[in-house]
Amino acid sequence: MAHPSDIPADDWSEETNGKPGADHPKRRPISRWTILRALVEIRMWWRDGVIADLDHVATIERVRGESLLTSRYIFMTAMSAGIAILGLLLSSPAVVIGAMLLSPLMNPIIGTGFSLATGDVAWLRRCGKALVAGSLFAILFCALIVYLSPLQTVTEEIAARTRPNLFDLLVALFSALAGSYAVIRGREGTIVGVAIATALMPPLAVVGFGLATFNWTVFGGALGLFITNLMTIGLTAAVMARLYGFQTDLTERQTRVQSLGILAIFVALAVPLGFSLRTIAWEANGQRIVNQEVSEAFTNRARVDQPIVNWAAEPITVSASVFTPEFNPNADAEIARRLESRLGRPVRVAIDQFQVGTDPGAAEKAALAQARAREAAEASERQIAALGRSLALIAGVERADVMLDRERNRAQATARPLDGLSLAGYRELERRLERSTPGWTVELRPPLVALPSISVGEAGLDGENLRRVALIGWAARRTGLRIGLSGSADALAAVQQALGDSAGLVDMRTVDNGSVVTANWSIAETPQP
């Protein structure tokens, strides 16, 4: 390299830009024409090297055939929905993934995108019909399963699909890009991974759960997640179809309007989802702060259960259980003051402190015992809820018409008449339900159906007629109505003896009726025992 002193003065500024020691000459700026030329070359390569190799007609026909409403589509939707809702109720991720693999909803959504890109209105209408029919069928089928299921608790798998955010939009976007590319390039095997990533069926199953349990927060959140996935996949597929040169019947103006519409929809989805992500991030950071402050309020030997925070309350409520060898009487006020300072919002704290021994494992043992007690209480509550639903079902009434007395462990309902069901049938239903819920008394008040007659033989009442007498006594106790018995004096005496304590609930009238005692409802009510 030449020394700066050896460079002629005339060449100094041109070679070194006027700076001694410069190693390179000044580069000319890239002109606008160079950029345009590069863009034109890229476009020509894309058109001649990529788009020209595609069989557009075959791709359209393949997508069209897989995106229509068929019996196979409905069957696979039903199977996927059933597996999804059972996996959600059991909180089993493996089962939920199995439902994603079976779900056929991706096909009509991709078809919707291609029909938008090509301007095929008839195809778009058929894809929309398949989507609406499949979605409604999945929601109603899942709602039916949840309604009949004894498990109706909001599990972690269900709760995870009730708060869509911007990340869900991005997942759907990237999955749609991959899925559209796989369809266009004939690599359908990739669709399996796309189906797992977008998880179209589980949100629909959660919508059905919310519908069956009348939990509109769950219903709305899951529906929002499904609509996010649906719109993002469909519109992204339309963009990809255009990018790969699929012919369209739209005019240039219609294409421009459609492009602006797609962009506007993406923005409309992204803005609220971005705010939702911001809220979720704030709550996650807030939960970390709460955990830290609650732990620091007690000694190292204390054991703190996971604090429960209600962010929607005003003020924010924090509750937790602490097992500690040293009681802190000012814990609630101290923790609330620190949290208000760090979170910037008013906070109400309620800490349940349980004093335990000073040995190292005392707090852990107490926490484990409480966790077991809590699990038992939750299981008992699920059992009680299932009892209420089952009693309402067999009585033919609404759940609100069933009375559950938790103090006395008693469930009561008044049954509506059911064609073909006798008085003995109602009593058997009561017995079965009572056997399924140990520790509870079930009282099903039957409708005023026909009462059985009783035959008294020379040897007294046989087994069958003793059961009829017991049934009459049961009906009188359950309904609170007096029952009139008519028969000979000897027959009535035998029936009265068999009734035992229930004899005071019947009126007896002696008639020359041989050995048969007839029973009829009276009008006057008796006080319930």
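These are my notebook entries on what I looked up in this predicted model.

**Entry 1: the whole chain**

I started with the overall picture. The protein chain has 529 residues, and 40% of them are buried. Its secondary structure comes to 18 helices and eleven strands. Then I checked how far along the sequence the contacts reach. Taking contacts between residues at least 6 apart in sequence, 70% join residues at least 24 apart.

**Entry 2: the cores**

Which residues have the most contacts inside the largest nonpolar core? I found Ile85, Ile110 and Phe114, in a core of 53 residues. Helix 7, residues 121-148, gives the most to this core, with ten residues. Apart from that core lies another one, of 38 residues, and Ala395, Val397, Ala413 and Val517 are among them.

Setting aside residues up to four places away in sequence, Ile110 touches Val63, Ser180, Val183, Ile233 and Ala237.

**Entry 3: helix 6 and its partners**

Helix 3 covers residues 56-66 and helix 6 covers residues 106-118; the two pack at an angle of about 135°, with their axes 8 Å apart. That angle makes helix 3 oblique to helix 6. The crossing of helix 3 past helix 6 is left-handed.

Helix 6 passes helix 7 in a left-handed crossing. From helix 6, the residues in the contact are Pro108, Ile109, Gly111, Thr112, Phe114, Ser115, Leu116 and Thr118. They meet Trp123, Leu124, Cys127, Ala130 and Leu131 in helix 7. The tally for this contact is nine nonpolar, four polar and no charged residues.

**Entry 4: Tyr73**

Tyr73 sits in helix 4, residues 71-89. Is Tyr73 buried or exposed? Its relative accessible area is 3%, so I put it down as buried. Leaving out residues up to four places away in sequence, Tyr73 touches Leu68, Pro104, Leu105, Pro108, Ala130, Leu131 and Gly134. Tyr73 and Gly134 are 61 residues apart in sequence, yet 7.8 Å apart in space, C-alpha to C-alpha.

**Entry 5: helices 12 and 13**

Helix 13 spans residues 252-296, and it packs with helix 12 at an angle of about 145°, their axes 11 Å apart. This crossing is left-handed. Helix 12 brings Thr228, Met231, Thr232, Leu235, Thr236, Ala238, Val239 and Arg242 to the contact. Helix 13 brings Thr255, Gln258, Ser259, Ile262, Ile265, Phe266, Leu269 and Leu273. I noted the split as nine nonpolar, six polar and one charged.

Most residues other than glycine have a negative phi. I looked up two residues with a positive value.

Phe214 is not a glycine, but its phi is positive, at about 55°. Where is Phe214? It is in the loop between helix 11 (201-213) and helix 12 (216-243). With a relative accessible area of 61%, Phe214 is exposed.

Asn409 also has a positive phi, near 55°. Asn409 lies in the loop between strand 5 (403-405) and strand 6 (410-414). Its relative accessible area of 27% makes Asn409 partly exposed.

**Entry 6: Trp474**

I ended with Trp474, in helix 17, residues 463-479. Trp474 counts as buried because its relative accessibility is 1%, and the cut-off for buried is under 20%. Which residues is Trp474 in contact with, leaving aside its neighbours within four places in sequence? I wrote down Leu423, Tyr426, Arg427, Glu430, Leu444 and Pro446. Arg445 went into the entry as a distance: Trp474 and Arg445 are 29 residues apart in sequence and 9.6 Å apart in space, C-alpha to C-alpha.

Key. Residues are numbered from 1 along each chain as its sequence is written. This is a predicted model: local features need pLDDT of at least 70, side-chain atom pairs count only at pLDDT 80 or more; totals for chains, interfaces and linings use all residues. Side-chain values use heavy atoms; hydrogens and water are left out. Axes are lines fitted to C-alpha atoms, for helices over the stretch in contact, and angles run from 0 to 180 degrees between N-to-C directions. Helices (H or I, at least four residues) and strands (E, at least two) are DSSP runs, numbered from the N terminus. Angles under 35 degrees count as roughly parallel, over 145 as roughly antiparallel, 65 to 115 as roughly perpendicular and the rest as oblique. A crossing is left-handed if the near helix is turned anticlockwise from the far one by less than a right angle, and right-handed if clockwise. Buried means under 20% relative accessible area, exposed over 50%, partly exposed in between (1.4 Å probe, protein chains only). Contact means heavy atoms within 4.5 Å. A nonpolar core is a set of buried Ala, Val, Leu, Ile, Met, Phe, Trp, Tyr and Cys residues joined through side-chain atoms within 4.5 Å. Ala, Val, Leu, Ile, Met, Phe, Trp, Tyr, Cys and Pro count as nonpolar, Asp, Glu, Lys and Arg as charged, and the others, Gly among them, as polar.
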